[in-house]
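I'm going to look things up one by one and jot down what I find.

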Amino acid sequence: AGTETTTLDAGVGYRAATPHNSVVTFTGAAENGTITNDIENTATSENEWNLIGNPYPSYLNVQDFFNHEVSVGVSNLSLMDFSTAAIYGYDGSALNGWTIYNLANTTISTVITPGQGFFVSADVTKTAAYDLEFTPNMRFYCWT
């Protein structure tokens, strides 16, 4: 709605659009702390997918996000389903629909746009015990 006042939770993915390319304005305090996100897998068909999002007003470093340890020996990447462990971001095309980032096709400078939503799959054996985390040290600053 043109006057929506719903609070958006940091680290959760949302879709925001208008039917006529109108301006969309978001207000609030910029996030700068650690954000945890409880990703889930109910072990039923396709219920391992979670829409999350970069909670920071700066770029999110993909490799730092994957490699971040939420507990000793448990990384964000290890919380994802092994067969689909990656970031799946909508690429604007109805043909294939996804830009897929994993450790095999990213570099240290691969980043996710501020506020960008993306899908990750959850490993049913690990997500009950751990939450995925975003931390300020994952932020990537770009000055021109």
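Predicted model: local features only at pLDDT ≥ 70, side-chain atom pairs only at ≥ 80, totals over all residues.

Which residues is E48 in contact with, leaving aside its neighbours within four places in sequence? I looked, and E48 is in contact with E40, N41, V120, S121 and A122. Contact here means heavy atoms within 4.5 Å.

Residues are numbered from 1 along each chain as its sequence is written, and side-chain values use heavy atoms, with hydrogens and water left out.

**Entry: the overall picture**

I counted one helix and eleven strands in the protein. Both are DSSP runs numbered from the N terminus: helices are H or I with at least four residues, strands are E with at least two. Going along the sequence, I get the pattern β-β-β-α-β-β-β-β-β-β-β-β.

Next I checked the overall size. The C-alpha atoms fill a box of roughly 45 × 40 × 30 Å along the principal axes.

Buried means under 20% relative accessible area, exposed means over 50%, and partly exposed is in between (1.4 Å probe, protein chains only). For contacts with a separation of 6 or more, residues 24 or more positions apart account for 75%.

E48 counts as buried because its relative accessibility is 16%. I also checked V124: it is 76 residues from E48 along the chain, yet their C-alpha atoms are separated by 7.6 Å.

I39 is found in the loop between strand 1 and strand 2 too. Is I39 buried or exposed? It's buried, because its relative accessible area is 0%. Not counting residues up to four places away in sequence, I39 touches N50, I52, L79, V120, S121, A122, T127 and L132. M80 is 41 residues from I39 in sequence, and 8.9 Å from it in space, C-alpha to C-alpha.

T127 is in the loop between strand 9 (117–121) and strand 10 (132–134). With a relative accessible area of 6%, T127 is buried. Its contacts, again not counting residues up to four places away, are D38, I39, E40, N41, L79 and A122.

T84 is in the loop between strand 5 (74–75) and strand 6 (87–90). T84 counts as buried at 18% relative accessibility. Leaving aside neighbours within four places in sequence, T84 is in contact with W49 and S121.

**Entry: strands that pair**

How many bridges join strand 2 to strand 9? I found five, and the two strands run antiparallel. Two strands pair if DSSP finds at least two bridges between them. In this pairing, G53 stands opposite G117 in strand 9. Four of the five residues of strand 9 are buried, so strand 9 is largely enclosed by the rest of the structure.

I also found an open sheet of three strands in the order 8-3-11, with antiparallel pairing. Its edge strands are strand 8 (111–112) and strand 11 (139–140), each pairing on one side only. Strand 3 (residues 59–61) pairs with strand 11 over two bridges, and the bridge partner of Y59 in strand 11 is F140.

**Entry: the outside**

Last, I went looking for exposed residues. A104 lies in the loop between strand 7 (98–101) and strand 8. At 75% relative accessibility, A104 counts as exposed. N41 is 63 residues from A104 in sequence and 24 Å away in space, C-alpha to C-alpha.

F26, in the segment before strand 1 (35–37), is exposed with a relative accessible area of 56%.
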